[in-house]
Amino acid sequence: DEAHERTLQTDVLMGLLKEVMPRRRDLKLVVMSATLDTKAFQRYFDNAPIMKVPGRTHPVEIFYTPSPERDYVEAAVRTVLQIHACEEPG
């Protein structure tokens, strides 16, 4: 998750995976990120192939409540149900 964000945990994980990959030929590694430095990861993993999957963006509307919700989970569920019932598909 979030491979493009360098943390100690992701660095250790990538190092372990690089050591394990030659011993486990049946193991396939897929690293995905919309903002990943693909060339750096490709070099690190011995010129692994890069696949590009085109994406698309969708418009997002942000709505704010006039005052804070007492129970934000209940408010979120209520909002989802309202959107489902009142909005067009898509």
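This is a predicted model: local features need pLDDT of at least 70, side-chain atom pairs count only at pLDDT 80 or more; totals for chains, interfaces and linings use all residues.
These are my notebook entries on what I looked up in this structure.

**Entry 1: confidence**

The protein chain has an average pLDDT of 88, and 98% of the residues score at least 70.

**Entry 2: the largest pocket**

Next I went looking for pockets. How much space lies in the largest pocket? I got about 970 Å³. I found 26 residues lining this pocket, and the closest to its centre are L29, V30, V31, P49 and I50. I also wanted to know which element gives the most to the lining. That turned out to be helix α2, residues 38-44, with 3 residues. Sorting the lining of the largest pocket by class, I noted 16 nonpolar, 6 charged and 4 polar residues.

**Entry 3: rings around Y44**

Then I turned to the aromatic rings. How many aromatic pairs does the structure hold? I found 1. The pair is Y44 with F45: their ring centres are 5.0 Å apart and their planes meet at 85°, so I logged the pair as edge-to-face. The cut-off for that label is planes over 60 degrees apart.

Are these two residues buried or exposed? I have Y44 down as partly exposed, because its relative accessible area is 34%. F45 is at 14% relative accessibility, so I count F45 as buried; the limit for buried is under 20%.

I saw that the charged end of K18 sits over the ring of Y44, 4.2 Å from the ring's centre.

**Entry 4: V53**

Last, I looked up V53. Where does V53 lie? I found V53 in the loop between α2 and α3, and α3 covers residues 72-86. I marked V53 as exposed because its relative accessibility is 69%, and the label needs over 50%. I also checked V53 against M32: the two are 21 residues apart in sequence, and 9.9 Å apart in space from C-alpha to C-alpha.

Notes. Residues are numbered from 1 along each chain as its sequence is written. Side-chain values use heavy atoms; hydrogens and water are left out. On a 1 Å grid over the protein atoms alone, a cavity is a set of points where a 1.4 Å probe fits but cannot get out, and a pocket is an open set with protein on both sides within 12 Å along at least five of seven lines; lining residues have an atom within 4 Å of a point. Grid points are joined across faces, edges and corners, and a volume is the space filled by probe spheres set on the points. Helices (H or I, at least four residues) and strands (E, at least two) are DSSP runs, numbered from the N terminus. Ala, Val, Leu, Ile, Met, Phe, Trp, Tyr, Cys and Pro count as nonpolar, Asp, Glu, Lys and Arg as charged, and the others, Gly among them, as polar. Rings of Phe, Tyr and Trp (its six-membered ring) pair if their centres lie within 6.5 Å; planes under 30 degrees apart count as stacked, over 60 as edge-to-face and the rest as tilted. Buried means under 20% relative accessible area, exposed over 50%, partly exposed in between (1.4 Å probe, protein chains only). A charge sits over a ring if NZ of Lys or CZ of Arg is within 6 Å of the ring centre and within 35 degrees of the ring normal. pLDDT is the predictor's confidence in each residue, from 0 to 100.
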